[in-house]
Amino acid sequence: MASDSLAQISNNLLYSSMAVYAGAMYCYAAELAFAPRRRRADEPPVVTDRTLATVGATATSYDAERGTGRDEPTATTAAPTGDRSDRLGRIAVALTALAFLLHLGAVVLRGASAGRAPWGNMFEFSTTGALAVTAVFLALLAKRDVRYPVRYIGVFVILPVLLTLGLAVAVLYTESEQLVPALKSVWLVIHVSAAIIASGVFTIAFTQTVLYLVQDRMEKRGGGPAFMTRFPSAAALDRAAYRMHAFAFPIWTFAVIAGAIWAENAWGRYWGWDPKETWAFITWVVYACYLHARATAGWRGRKAAYLALLGYGTFLFNYLVVNIFLAGLHSYAGVG
Amino acid sequence: MTDAMTTAPRTEPEPPGPPTAMRPVELMRWGWRQLTSMRTALALLFLLALGAVPGSLVPQTGVDPVQVAQFKADHPALTPIYERLSLFSVYSAPWFAAIYLLLFVSLAGCVLPRSRQHWSQMRARPPRAPRNLTRLPAHTEWDTETPADVVLDAAEQELRRRRYRVDRTDDAVSAERGFLRETGNLVFHVSLIGLLVGVAVGNLLGYKGSVLVVEGDGFSNTLSRYDSFSHGASFDEAGLTPFTVSLDRLRVRYQVEGDQRGAPRDFRATVSYTSEPGAPPREFDLRVNHPLVIEGTKVFLIGNGYAPVFTVRDSTGDEVFSGPVPFLPRDGNNTSDGVIKVPGARPQQLGFEGMFLPTAVIDKDLGPISDYPDAVIPRAVLNAWAGDLGDASGVPQSVYKLEKKNMKQIKENGKPLAKILAPGQEMALPGGQGSVRFDGVRRYATLQVAHDPGKGLALLASGLALAGLMLSLFVKRRRVWVRATPVPGRRTLVEVAGLARTEGEDRDGLTDEVAQVTSALGHEGAVRSRRDEED
């Protein structure tokens, strides 16, 4: 059957992308390992325009483009180790882009083989969700914000992507099939895609929050491993994490609302405290706590960050525990 | 929720602790301030998340009453404790209601005064330029030969073009933008109250019922016809839309092979309905995700199963029962259980307990079981009981369960009588007690009927909440000042400065904005960005 061979190609692409992701992850790690210690903690690290040339954008100087002529250094004079480190970083980005394309191909072909959106069961949700994480990361790289050198968090982005894909192929794998009638709805596309995008952004936000907590501790202690000085400052990481959360939160809100509309159209009630719904609500409330905490004296900073980690924890609980262990109306995991 | 998702730096101090001796009014004021403080709102919000957890781990009466009964049977020691804590109905528990009602009071107590404040702020003029603009986060200055008022005219025009609200004084232009941020924030929080009202309206006035309809049969929307029915406290039976629905045909399709063999692929019911008595019947293709809507009431196809058709004769040879009997599916392959009650049989009442197997196979360990959900090799497996069905006792009985207290199992050669019947086959009861024939099988659909008059409001409120949320997170609130001071020698000193009033906004955005305003005023130069508080 043609659709079977499409599914087979999709699987092969997925395995290839995992190999390339692994290569990218090693390069990110090596970049950090060979990184020269920066002179000042607040000094922005190496160029981002060169980084971008590898993912296909034209290399323009940040300052020339923005025209603001700010007095921050945009490029450090590269020491020999810095050069090697930077080269590794650029290779890592190129490999990430390649892995993304293979991964995208896998997801698209999977959808084509079944003739529907590629997120009808937990295997597909996981592979597409991991794709969303890489997509968000590449988008951040493409923004080439010199104040927030995103490349250095690469290893901590690719690691969860690889873990998710590993879990998907090893535990969650399901053959490419049609959908059960309950999932045949335009809301599958709307509701689940929103949930996937939100989870991709939340994952990056989670990574940034963890790095913020580590960096914050380093800064307070006044020292730490050399590679940590390559990361953005704690304040910059915190701000970036907040922006990611603030971006993901409305998407998550939309996913929950779209889910409620779908539930009303499928079961006659828009909210029924099904375990999946309940945990989506809990995730929403905890992230709402985080956003409020940041605006509350005595809660911003580390305490708010812990709330963000808790929010991600509830999301993971919903994805792993509720899908597999708690029976409910959302039992579409397809996990035997 | 004084600082709910907003930008403005906190101006109010934290509420002071309770004075040592307070008059009741003071105490109430103090309590109100506590309740409406951000810390309390935060704590309540967190409690709400925490309180929702047990409902996903302990079976809930409103979600799955069968599981609740099973849990109670399995955990006799825990049950009274759980019942006392309302853990079987968390989301309607008093303590859960207390959390969200307090949260909403706290929210209202914060949003209302804040709306007033925002209203007056929106009508106020942008604040006057601070004396020392160099202390602002973004600042630039230059000399020009253009007269001061020409510079200020240009600045005013440019800032208006950038949709700032602008105020002009003698030597400066003050501009402010991003009021929609706080507007969105308030709309979001007020919408949450609207959502709560919508939910409450639905809970009070709505109803939900389920009904099982065999192919060829129909039902009319009256209370007595429902198999299960739940409704709100203010629901009025007279409000039921008097429609009728009959199930003409139910088609099913399952996955034929592969690792998802037997997974449902398509359920389709052809129904004819009338929206009121006497109206002409219309046809509708009822599917999962494709409900039938009759005057705001929705009819959903939520399940299906098999109703094997039996004919029972008693010892006199009379036909005492004939018709379809709905059996309830027990597993994914539609191995179904059911009973036939024959109160009219003589000399004793008869009862049959059995299984229906749409695709029958004999499993080594489990015995006869269904291997595939569609009716490929339909078989009925029956055993028989005689005695008193207990239907005259007045105690309500389940139609899916045989009350065996006063019944005896019919045996043959000392072993319980049981037989696997193919369509058309008959099982004779020993000693001329009669017979049962498996005539064939019909399908049935489980229909859910739901009416929720609050859902429109809930949807509207959710949409507004989302829109408000996005405004409150993405609109940037900024102030920009342009000052032009004539200096001796017929020159003008122009200063442009900006202030971001947005949580988490990067300074680059503000610096860019100031640079663009500067450039619009005909000057290209570096904007100094103060990086205090950060890095």
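1. Ser174(B) has Trp481(B), in strand 25 of chain B, as its bridge partner. Strand 3 (residues 172-177) and strand 25 (residues 478-487) of chain B pair in the antiparallel sense over six bridges. Strands are DSSP runs of E with at least two residues, helices are runs of H or I with at least four, and both are numbered from the N terminus. Two strands pair if DSSP finds at least two bridges between them.

2. On the basis: this is a predicted model, in which local features need pLDDT of at least 70 and side-chain atom pairs count only at pLDDT 80 or more, while totals for chains, interfaces and linings use all residues. Residues are numbered from 1 along each chain as its sequence is written, chains are lettered from A and ligands numbered from 1 in the order in which they are written, and side-chain values use heavy atoms, with hydrogens and water left out.

3. Contact here means heavy atoms within 4.5 Å.

4. Another open sheet in chain B has four strands in the order 5-7-8-9, again with antiparallel pairing. Its edge strands are strand 5 (218-220) and strand 9 (282-287) of chain B. Strand 8 (residues 264-274) and strand 9 of chain B pair over six bridges. Val271(B) has Phe284(B), in strand 9 of chain B, as its bridge partner.

5. Now the cores. A nonpolar core is a set of buried Ala, Val, Leu, Ile, Met, Phe, Trp, Tyr and Cys residues joined through side-chain atoms within 4.5 Å. Buried means under 20% relative accessible area (1.4 Å probe, protein chains only). The largest nonpolar core has 127 residues; Tyr28(A), Phe137(A), Ile204(A), Phe249(A), Trp252(A) and Phe96(B) touch the most other members. Helix 8 (residues 234-267) of chain A gives the largest share, 15 residues.

6. Leaving aside neighbours within four places in sequence, Tyr28(A) contacts residues including Phe137(A), Leu141(A) and Arg151(A). A second, separate core of 28 residues includes Phe235(B), Phe284(B), Leu286(B) and Ala445(B).

Definitions and conventions:
Buried means under 20% relative accessible area, exposed over 50%, partly exposed in between (1.4 Å probe, protein chains only).
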